[in-house]
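Hello,

I am passing this structure on to you. Please look through it first; my notes on what was found follow below.

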Amino acid sequence: MRSAFAYTPRPGPIGDAGAGAALAYFGAFAVIAFSFTNPIVLAAVAVGVVVAGLRSGAHRALAAGARYGVALGLVFVAVNAIAAQRGETILIRGFDLPVLGRIDVSAEALAEGAVLAGRVLVVLLAFAVLSASVDPDRLLRLFRPLARRSALTATLIVRMVPLAARDHARLREAAALRGPGAAAVGRAATLRRLVAGSLDRSVDVAATLELRGYARGAPRRASSPPAGRHSHSFWVAGLALAGCALAARIGGVGAFDAYPVIALDTGLPTLAFAVAIGVLAAAPFALASLSAADRRPLPRGGGAHA
């Protein structure tokens, strides 16, 4: 079964945009998530990422990222509730844990953990959609001038990890088809066969790279794919999101403090910033829809009659 995070060519603005534009667009969401702790701002970023994922057709990537993000977020909330012994609103008082001793759980600690979980969820969703919607070879090509060998290594990893996952699935299926009378195949035996197959494949890949001339070093020049017609709109949206985040940060917009009591900025500038995030996130897709409507041919006989 193909991974939900694996790249699949899809028609649409993201698939047509260049890798740099897509990285700037989704990277802006991550920048905002790492820069702000206000739940209103984080909710706006999450809505923007979900809209981008749905319009890109990356439904499975969104669902898988949400599952991993929620599971990891619950861990953040639980750990922060136990580790952060601060806050004035005590919800659970005085239970003992081994080694840790007496534990009080406050509403402020839970709120801080929920904010951390929200930031992690937003970043996971953004890069899940990026991974499923943008060709990884184009992304790695961006970093090739900076680190040629690292880019080649990353390219091989991107290609080899899904193959190892498929080998593991095939080994498990083959073990299940042996019948009830056959001896059970343990994890150690499966792992040994998986590693042996991966080593054989790595030798074949090394020989192929040597035949292609990589023993003398990677070629210095490579033709870059042309940028798509929607690249400019995603570049502008990503830079505008980053610029709005910088302006909001300088202006003190979107403040949030969990201790000693929860203090949440719900003023008009914060709400305007949240709305701007949603508008800028949806703008490239709206422009692409308008552009497609303009290029659509008129139906025959649809002209006005005198």
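Tyr25 and Phe285 are both buried. This is a predicted model. The ring centres of Tyr25 and Phe285 lie 6.3 Å apart with planes at 70°, so the pair counts as edge-to-face, the cut-off being over 60 degrees. Tyr25 belongs to helix H2 and Phe285 to helix H10 (residues 268-295), and the pair links distant parts of the chain, 260 residues apart.

A second pair is formed by Phe36 and Phe273: their ring centres are 5.2 Å apart and their planes stand at 50°, so this pair is tilted. Phe36 lies in the loop between H2 and helix H3 (39-56), while Phe273 is in helix H10, 237 residues apart. Both of these residues, Phe36 and Phe273, are buried.

The count comes to 7 aromatic pairs. Ring pairs also join Tyr25, Phe26, Phe29, Phe234 and Phe285 into a cluster.

The charged end of Arg249 sits over the ring of Phe36, 5.8 Å from its centre, and that of Arg86 sits over the ring of Tyr259, 3.9 Å from its centre.

As for helix H2 (residues 19-35), its 17 residues should span 24 Å at 1.5 Å a residue, and its end C-alpha atoms are 24 Å apart, which agrees. Of the 17 residues of H2, 13 are buried, so the helix is largely enclosed by the rest of the structure.

A search of the whole structure finds 1 cavity of 30 Å³ or more. The largest cavity has a volume of about 50 Å³, and its lining includes Thr8, Arg10, Ser56 and Ser133. By class, that lining has 2 nonpolar, 5 polar and 1 charged residues.

Regards

Conventions: Residues are numbered from 1 along each chain as its sequence is written. This is a predicted model: local features need pLDDT of at least 70, side-chain atom pairs count only at pLDDT 80 or more; totals for chains, interfaces and linings use all residues. Side-chain values use heavy atoms; hydrogens and water are left out. Helices (H or I, at least four residues) and strands (E, at least two) are DSSP runs, numbered from the N terminus. The expected span of a helix is 1.5 Å times one less than its number of residues. Buried means under 20% relative accessible area, exposed over 50%, partly exposed in between (1.4 Å probe, protein chains only). On a 1 Å grid over the protein atoms alone, a cavity is a set of points where a 1.4 Å probe fits but cannot get out, and a pocket is an open set with protein on both sides within 12 Å along at least five of seven lines; lining residues have an atom within 4 Å of a point. Grid points are joined across faces, edges and corners, and a volume is the space filled by probe spheres set on the points. Ala, Val, Leu, Ile, Met, Phe, Trp, Tyr, Cys and Pro count as nonpolar, Asp, Glu, Lys and Arg as charged, and the others, Gly among them, as polar. Rings of Phe, Tyr and Trp (its six-membered ring) pair if their centres lie within 6.5 Å; planes under 30 degrees apart count as stacked, over 60 as edge-to-face and the rest as tilted. A charge sits over a ring if NZ of Lys or CZ of Arg is within 6 Å of the ring centre and within 35 degrees of the ring normal.
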